[in-house]
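Please look over the model shown here before reading my notes. The points below can be checked against it one at a time.

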Amino acid sequence: MSARSFLKAGHPPTLFAAFLYFDLSFMVWVILGPLGVAIATDFGLTPAEKGLMVAVPVLAGAVLRLFAGVLVDHIGPKRTGLIGQLVVLAGLAAAWRLGIGGYPQVLALGCVLGVAGASFAVALPLASRWYPPEHQGLALGIAGAGNSGTALAALFAPALAQRFGWENVIGLATLPLAAAFVVYLVFARDAPDRPPPKRLSEYLSVLRTADAWWLMLLYGVTFGGFVGLSSSLTIYFNAEYGLPAVTAGFFTAACVFAGSFVRPVGGALADRFGGVRTLSVVYLLAALGLALASFQPPSVWMALAVILFAMAALGAGNGAVFQLAPQRFGKEIGVVTGLVGMTGGIGGFYLASSLGWAKQVTGSYQAGLLAFAALALVALACLTGVKARWRRTWAGEAAGAPLRL
């Protein structure tokens, strides 16, 4: 597979627009995490309240991804993306102008930010439908690398909050979002072979397919781990190692960049060696990294190294899962992306909220990290159990294209 054949196979302007839309949407989706230290100081939040604060946008995004996936199949990914971006822009502008007076308003803002998290179910089908099966892993890896936007939030939000106040950061976030909206409007195009809209019963029929549930579980661990940590690490480094909010944001950004930019590598490895083989290695490495992090390394630099390792593994897993999904559900990729993305968000909500709960109840994040490491091993066991059946039965779904499992 050469770079030239990849560029000829699809539509690069759409791929770039999908990446940028995804990237900046993810930036605002998790922005409460990097702002969490300042918000918690102003409102006197407990560790559990901080955990819930960063988890609510993740859960809202998870639920809304399902609806976004249905809209993608009904009105197309471009129109769905335009609607979502307008909703987020309006919500941020309203929150900034009206003000945020307490913890309930912070949670309400988190629900609005969930619309940005639903961009996953739009950007990936927008890119996917332009590329043939042999390029799906790399194309979706590039589009999905937009989850690096979480690093932008970690890099800039704490410093801007220190200078201008965290409330004004909410308003400033509308500026890059508006620029991304214009790029998306001009350059994104729906693929010409978009499948016709389906009835609601046809969407629900996907849930009667066991393979959809397996993919949902697999992504619930890889993406759940990635986004849950992305939302929580600024608070984690501040609480566990006493780092100032700005420095903790830099550490978080490094971890997020590791997970984001390894995602295309995971997709490319899955294209070459198979998604099942790639994921099997990923789950082992992620479980190891999370388990080591749970014992609170004595140095913040050791903690950074261990979490970087775990985030890179989870990021590669995100790319590998979406190398598998189009091979099995090419005709239903919109709704399947929504379903799989939804469980990824639910996994992130679980991890972020459980970390806050563990810290409040036990005084340590260990229980939350160890439980998620165990989930990675459960996912590995499930994948090992179904891979032989997938290799036997998926050939008929691939429409003559060679399988890469």
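1. A term first: on a 1 Å grid over the protein atoms alone, a pocket is an open set of points where a 1.4 Å probe fits, with protein on both sides within 12 Å along at least five of seven lines, and lining residues have an atom within 4 Å of a point. Grid points are joined across faces, edges and corners, and a volume is the space filled by probe spheres set on the points. On these terms the second largest pocket has a volume of about 200 Å³.

2. The model is predicted, so local features need pLDDT of at least 70 and side-chain atom pairs pLDDT 80 or more, while totals for chains, interfaces and linings use all residues. Residues are numbered from 1 along each chain as its sequence is written, and side-chain values use heavy atoms, with hydrogens and water left out.

3. Ala, Val, Leu, Ile, Met, Phe, Trp, Tyr, Cys and Pro count as nonpolar, Asp, Glu, Lys and Arg as charged, and the others, Gly among them, as polar.

4. Helix α4 (residues 47-75) packs on helix α5 (residues 77-98) at about 130°, with the axes 7 Å apart. Axes are lines fitted to C-alpha atoms, for helices over the stretch in contact, and angles run from 0 to 180 degrees between N-to-C directions. The two helices are therefore oblique to each other (under 35 degrees is roughly parallel, over 145 roughly antiparallel, 65 to 115 roughly perpendicular, the rest oblique).

5. In the contact (heavy atoms within 4.5 Å), A68, L71, V72 and I75 of α4 meet P77, R79, T80 and I83 of α5. The residues of this contact divide into six nonpolar, one polar and one charged.

6. L124 and G319 are 195 residues apart in sequence and 11 Å apart in space, C-alpha to C-alpha.

7. Q162, in helix α9 (residues 149-164), counts as exposed at 67% relative accessibility.

Conventions
Helix = DSSP H or I, 4+ residues; strand = E, 2+ residues; numbered from the N terminus. Buried < 20%, exposed > 50% of the residue type's maximum accessible area, 1.4 Å probe, protein only.
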